[in-house]
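Hi everyone, thanks for coming. I'd like to walk you through a few local details today, so please have a look at the screen.

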Amino acid sequence: MIRTDLRRSRQAVFGADVHPQAALFASRVARAVSETAAPVDGERTAPAAGPPDAVGQGPRVPTAFRDALLGNGVHPPPYRAPQPVAPRQAPDAFPLPAVPALVCDREERVVRVNAAFVRLAGRENGDRPVLGLRIPHLVAGPDTDARLMRPDGSAVRVRVVRWPLAAAELTAVVLVELDSAPAPSAAPVVDPGWTCELERLARVGTWTYDLATATLKRSETLDELYRSVGVDPDGSGRVPLEGHQVAQLSDDLRIGAPVGDHHIELQLPGDRMLSCRAEVERAEDGTPVRLVGVVHDISADRIAQRMVERSGQRFADLMALLPGGVALLDPTGRVVDANAGLCRLLDIPLERLRGMAAEVLSVPQLDMAGLGGPAKLPGWLRPVPPGARHGYRVDAVPLLRGDGTTVWCEVAVSATSADDGGWFWLVVCTDISDRRRAAELLRSAGTVDELTRLPNRAACLEMVDRLLAGPTGDRVAVVCGDLDDFARVNSSLGHDAGDDLLVSLAGRLQRELPVGCTAARLGADEFVVICIDHTEVGGPDLLARTVADLLRTTLTVHGRPVQMTATVGLATPVPTGDVRAADLLRFAEAAMLDAKRRQSRGGIGMATDGVVSSATRVLEVEAELRAAIAGDGLVLDYQPVVGPDGTVLSAEALVRWRHPERGLIPPGDFLPVAQRSGLLRDLDLWVLRTAVREAAGWPEHRGRRPALAVNLAGLLPGDADFLSVVSDAVAEAGLPWDQLVLELVETSLVALPAHALAAMAELTERGVRFAVDDFGTGYSSLARLKELPAQTVKIDRAFVTGIADDPADFAVARAVVDMARAMGRTTVAEGVETAEQFHVLRGIGVDAYQGWLFSRPVPAGRLREILAGGRLATPASSAGGP
């Protein structure tokens with residue numbers, strides 16, 4: 001009866017078809033029933049058949065067999081989440097039952113057998129060893145009805161039962177000889193305790209519902225199973241958990257519908273799931289007697305299945321995200337599968353890529369004969385043993401794209417095992433085209449300008465030195481040309497447009513320069529023309545005008561016409577003295593800078609003695625200015641910014657250079673030097689750090705602490721370290737954040753990148769204010785005002801000077817004030833020098849004023865005295881106004 005119950009239970013759980021879990025469960029039951037009384041592993045056992053000796057006693061299962069099933073011969077613990085796999089164990093660590101059994105690895109190669117298997121397989125004499133063979137070489141056919149092949153050619157009909165061994169990548173296999181299976185009548189009695197143990201092992205419980213008495217009974221293991229998953233089967237007085245299946249099957253019986261088994265799955269909290277399967281049990285005459293149900297905890301299986309699915313999905317997602325190309329190739333060199341990266345790299349859709357040979361994807365001239373097979377393999381693809389440690393890398397392989405072009409790739413190749421025991425090539429392709437182009441550029445970087453492909457400064461110096469040493473060295477001429485106001489192209493149209501313009505001008509020079517002249521690019525927007533013999537082109541003056549005319553043109557850039565001019569400087573060798581290329585180029589640049597000072601646009605300068613001497617002095621000034629910045633040789637004056645009533649609202653820091661020999665050097669003399677020599681950023685850093693340190697000690701003025709205004713021209717929001725530099729300076733000085741105002745010219749605030757806007761927003765949130773300095777002198781319209789990320793607008797002195805008598809200046813100033821007020825911004829008027837200007841500016845609503853009318857720039861000590869006193873006099877206040 002128990003044997004019948006187990007068979008019904010197994011079928012209720014797994015159905016009529018054999019399932020791997022069902023076969024495992026059935027094999028455990030069968031071995032528990034058929035185990036003989038012979039000692040196994042030195043342990044005595046009770047007889048396998050006959051009535052039990054006492055209640056609850058029956059045939060005992062050998063310890064070795066229990067260990068093989070349960071690991072330690074103990075009941076399995078309640079359900080837990082999957083644990084990490086223990087270290088791999090040797091095949092001998094697992095005892096085998098007395099029935100024919102073996103152990104195989106994950107490739108199904110036999111690593112251990114027992115004596116029963118050797119006898120069943122007919123290999124007692126040892127002349128045909130089994131170890132190392134794969135199971136398909138020993139057993140043919142499906143596991144449910146297979147044939148064990150003997151060396152003599154005969155076959156034994158067997159059923160193959162497999163289950164994985166814990167903590168090892170091994171599988172135990174038991175062969176049940178079907179032809180010699182005992183008759184049902186000879187079946188021994190199964191120990192109910194062992195039956196419960198098997199049910200606990202399989203996480204299975206059973207229930208029965210007697211149709212005659214309407215009585216539901218659950219097995220002990222089912223109650224334990226419900227408790228372990230936290231389920232109340234009786235539903236606190238409601239319909240029992242099995243009630244739905246009982247009702248469904250009863251209704252089918254009542255209406256005479258065909259009745260099969262009924263299966264549902266219950267999803268429980270915590271990723272737990274129960275499989276509930278029920279069927280009708282009938283008497284010999286077909287009359288329904290009872291309903292039998294089996295509940296199986298399949299949580300671990302579902303979790304493992306989801307883990308596998310998620311792992312597979314993660315792998316697929318990873319392959320899709322990899323920028324490089326990944327492909328699987330079969331042993332013949334054909335593509336089995338590939339990721340999206342390889343499809344993009346080769347510009348071939350996956351449907352076409354599958355099945356293509358590696359030979360077709362390779363550049364033909366680099367192909368080599370295949371190794372060991374009929375298919376031809378490219379030279380970069382060679383067989384290797386499976387495993388990443390046997391892989392290899394090829395630095396540069398040219399592959400053909402779908403359009404016939406070539407893409408250079410770095411290729412990493414290894415072999416990996418397939419599910420059927422075979423192998424694949426795993427190929428990873430990384431595009432190195434940019435790397436090769438960069439290497440090529442590096443090779444030519446010493447002599448060629450990357451953007452225009454003209455000779456660069458190094459090539460220019462080498463060429464001029466070579467020409468000066470030649471027979472026509474005294475007739476060599478160098479013309480240096482710098483584009484006028486090129487920055488407006490970058491700020492208005494973008495740097496891409498500026499690059500396009502430079503390339504167009506370079507091409508124009510190459511095409512139209514006279515014979516004997518070579519164009520080069522020194523950097524930025526500066527070109528140079530080298531003439532072998534200026535007498536061949538009409539003399540130095542005509543050469544300079546020719547270059548200026550070629551750089552004076554109108555070009556269409558990004559759909560917009562751009563008119564360009566250039567200022568040029570000419571230099572020729574002096575009659576006496578040894579002149580090198582660097583000297584001649586420096587003289588030409590000095591002549592060009594002198595022409596820029598004398599003329600705003602399109603000027604032509606000559607390298608006279610005076611110009612050269614002036615350029616030499618500029619170099620000296622640059623060196624001294626650099627030393628003054630590094631050695632704190634500069635000082636700050638401050639000019640107050642006042643309200644309408646004379647209250648000092650802020651003070652702007654103005655740098656002064658008191659030279660030990662030349663005395664006070666005006667900013668107009670050394671600021672251009674700082675700009676040309678790249679010292680503006682260093683100068684700004686010195687001013688910012690010094691000013692915030694001094695302002696931190698300012699006294700309050702009329703109950704409030706005035707703000708500090710610092711003008712920035714070299715340290716800009718677009719710099720990567722702008723936020724950190726300003727933050728460090730303010731934090732080190734201890735200046736309150738809301739006491740700092742940073743002034744930038746309008747062009748510095750146009751088209752800021754995202755990181756610059758983010759830095760400004762962070763400082764604004766802390767309390768720092770930004771001001772637009774000299775507004776109205778840039779290249780944008782008043783409409784741009786709403787886009788500038790600043791809280792204050794400073795009206796340039798150019799509009800303040802004529803505001804009292806020039807209607808245009810008045811209109812511009814009033815428009816700026818009105819727009820600023822509408823957008824919640826304050827206004828400051830610069831260069832206020834007369835009472836008339838003050839009154840007009842106050843009348844249109846200007847918030848603050850700066851100029852000599854109120855105070856000239858004063859040293860730090862004098863500013864502290866002003867702040868400690870009363871308000872400054874204004875025309876309104878002196879006349880009795882507020």
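R702 is partly exposed, with a relative accessible area of 47%; buried means under 20%, exposed over 50%, and partly exposed in between, using a 1.4 Å probe and protein chains only. R702 belongs to the loop between helix 21 (680–695) and strand 27 (707–712). Helices here are DSSP runs of H or I with at least four residues, strands are runs of E with at least two, and both are numbered from the N terminus. The phi of R702 is positive, near 55°. Most residues other than glycine have a negative phi.

Before I go on: this is a predicted model, where local features need pLDDT of at least 70, side-chain atom pairs count only at pLDDT 80 or more, and totals for chains, interfaces and linings use all residues. Residues are numbered from 1 along each chain as its sequence is written, and side-chain values use heavy atoms, leaving out hydrogens and water.

Where else do we find a positive phi in a residue that is not a glycine? At A524, with about 50°. A524 sits in the loop between strand 18 (517–523) and strand 19 (526–531), and at 54% relative accessibility A524 counts as exposed.

Now to a pair of helices. R457, L461, V464, D465 and L468 in helix 14 meet A581, A582, L584, L585 and E589 in helix 18, where contact means heavy atoms within 4.5 Å. By class, that contact has 7 nonpolar (Ala, Val, Leu, Ile, Met, Phe, Trp, Tyr, Cys, Pro), 3 charged (Asp, Glu, Lys, Arg) and no polar residues (the others, Gly among them).
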